[in-house]
Amino acid sequence: MTSLYRAAAYAAFIVLTGMLIHATNAFYLEPTFLGFKDAARDYSDMAKIQNAIESCSLDALHLCSFKYSGFAHMINGMLMMLLGVAGQQFFAQSNPVISRFIFVAGLVSGIGFLTTGVSDIPGTIYASLLRENNPDFNTTILLISTMIRGIANMVAITGLGLYAAFIGYASLKSGQFTKWGAYYGFLLLWPGLGGLVNPIAGFTYIGIVVPWLIWLGRQFGAASRA
C-alpha cells in the first residue's frame with residue numbers, strides 16, 4: 001500500500017494548494033476587484049455574480065477568481081475521493097468500522113467539491129448559453145446556478161468536516177497518526193455541521209483547513225515510508 005499512501009500524501013498537498021487558491025480569492029481578489037465585501041449579501045447579488053462571470057478574460061486574469069476556484073474545486077473533489085480510499089485502507093485493521101465512515105465522508109466531500117467545480121466551469125458555460133438565448137430569464141438562471149453551487153459546496157464542506165473528525169478519532173484510538181493534528185481535525189466539524197444550519201458558518205472552513213491538510217499530507221507521507 002506504499003504507493004497508495006504516497007499518492008494520498010501528494011493529494012493532501014494538492015488539495016492544500018486548492019484551498020490556498022480559494023483563500024486568495026475570498027480574502028483578496030474578490031473583495032478587491034469584484035466588490036464582494038460582505039459574504040452574507042454580495043454573493044447573493046446576481047448583478048455582482050454576473051459581473052464576476054463576464055469580467056474574466058486573458059487581459060484581466062485578476063478578475064478570473066471564479067474560474068480559478070472552479071478548477072480547484074474539481075481537482076479537490078477527485079482527490080478527496082482518493083483520500084477517502086487511503087484513509088479507509090490505513091485504518092482498516094485498527095478500526096474497521098470507522099475506516100468505512102472515513103471512506104464515505106471522503107466520497108461525500110469529493111462528490112460535493114466535484115459538483116461545485118462542474119457548476120463553476122461547464123455549468124457556467126451552459127448557463128451563459130441559456131441566458132443568451134433566454135434574456136428574460138437571465139436573473140432566474142443565475143439564481144438557479146448559484147443555488148445549485150451553494151448546496152453542492154455545503155455538501156462538500158460537511159463531508160470534509162466529517163472526514164477530518166473520523167480521521168482524528170481513528171488516529172487517537174490507534175495511535176497511528178500524531179495527536180495534535182487528530183485533535184485539530186475536530187475543529188472542522190464546526191464549519192462542517194454549522195454550515196448545515198447557516199451557510200456562513202460553513203464558509204469558515206477555509207480559515208481552518210490549511211494546517212490540518214499539511215498534517216494529513218505529512219502523516220500519509222510517513223506511512224508511505226514505513
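Me: What percentage of the 226 residues in the protein chain is buried?
Reply: Buried residues account for 46% of the 226 residues. Buried means under 20% relative accessible area, exposed means over 50%, and partly exposed lies in between, with a 1.4 Å probe and protein chains only. This is a predicted model, in which local features need pLDDT of at least 70, side-chain atom pairs count only at pLDDT 80 or more, and totals for chains, interfaces and linings use all residues. Residues are numbered from 1 along each chain as its sequence is written, and side-chain values use heavy atoms, with hydrogens and water left out.

Me: How many helices and strands does the protein chain have?
Reply: The protein chain has 11 helices and zero strands. Both are DSSP runs numbered from the N terminus: helices are H or I with at least four residues, and strands are E with at least two. In sequence order the pattern reads α-α-α-α-α-α-α-α-α-α-α.

Me: And why does the radius of gyration agree with a compact globule?
Reply: A compact globule of 226 residues would have a radius of gyration near 17 Å, and the protein chain has 18 Å, which agrees. The radius is taken over C-alpha atoms, and the globule rule is 2.2 Å times the number of residues to the power 0.38. Along the principal axes, the C-alpha atoms fill a box of roughly 60 × 35 × 30 Å.

Me: What share of the contacts is between residues 24 or more positions apart?
Reply: Such pairs make up 76% of the contacts in the protein chain that have a separation of 6 or more. Contact means heavy atoms within 4.5 Å.

Me: How far apart are the mean positions of the positive and negative charges?
Reply: The mean positions of the 12 positive and 9 negative charges are 23 Å apart. Lys and Arg count as positive and Asp and Glu as negative, while His and the chain ends are not counted. Each charge is placed at NZ of Lys, CZ of Arg, CG of Asp or CD of Glu.

Me: Which cysteines does the disulfide join?
Reply: Cys56 is joined to Cys64, with an S to S distance of 2.0 Å. The structure holds one disulfide, a term that stands for a pair of cysteine sulfur atoms within 2.5 Å.

Me: Why is that disulfide right-handed?
Reply: The torsion about the S-S bond of Cys56 and Cys64 is about 95°, so the disulfide is right-handed. Cys64 is buried, with a relative accessible area of 3%.

Me: Is Ala47 buried or exposed?
Reply: Ala47 counts as exposed because its relative accessibility is 54%. Ala47 belongs to helix H3, residues 46–55. Its C-alpha atom is separated by 39 Å from that of Tyr184, 137 residues apart along the chain.

Me: What does Phe177 touch beyond its neighbours in sequence?
Reply: Leaving aside neighbours within four places in sequence, Phe177 is in contact with Phe90, Phe91, Ile167, Ser171, Trp215, Leu216, Gln219 and Phe220. Phe177 lies in the loop between helix H7 (138–174) and helix H8 (179–185). Its relative accessible area is 5%, so Phe177 is buried. Phe177 and Ala222 are 45 residues apart in sequence and 9.2 Å apart in space, C-alpha to C-alpha.

Me: Where is Ile206 found?
Reply: Ile206 sits in the loop between helix H10 (199–202) and helix H11 (209–225). Ile206 is buried, with a relative accessible area of 11%. Apart from neighbours within four places in sequence, Ile206 is in contact with Met19, His22, Ala23 and Phe27.

Me: Which residues does Gly192 touch, leaving out those up to four places away in sequence?
Reply: Gly192 touches Ile157 and Thr158. Gly192 is part of helix H9, residues 189–194, and counts as buried at 1% relative accessibility.

Me: Last one: is Ser119 buried or exposed?
Reply: Ser119 is buried, as its relative accessible area is 14%. Ser119 is in helix H5, residues 96–120. Neighbours within four places in sequence aside, Ser119 is in contact with Thr124, Ser145 and Arg149.
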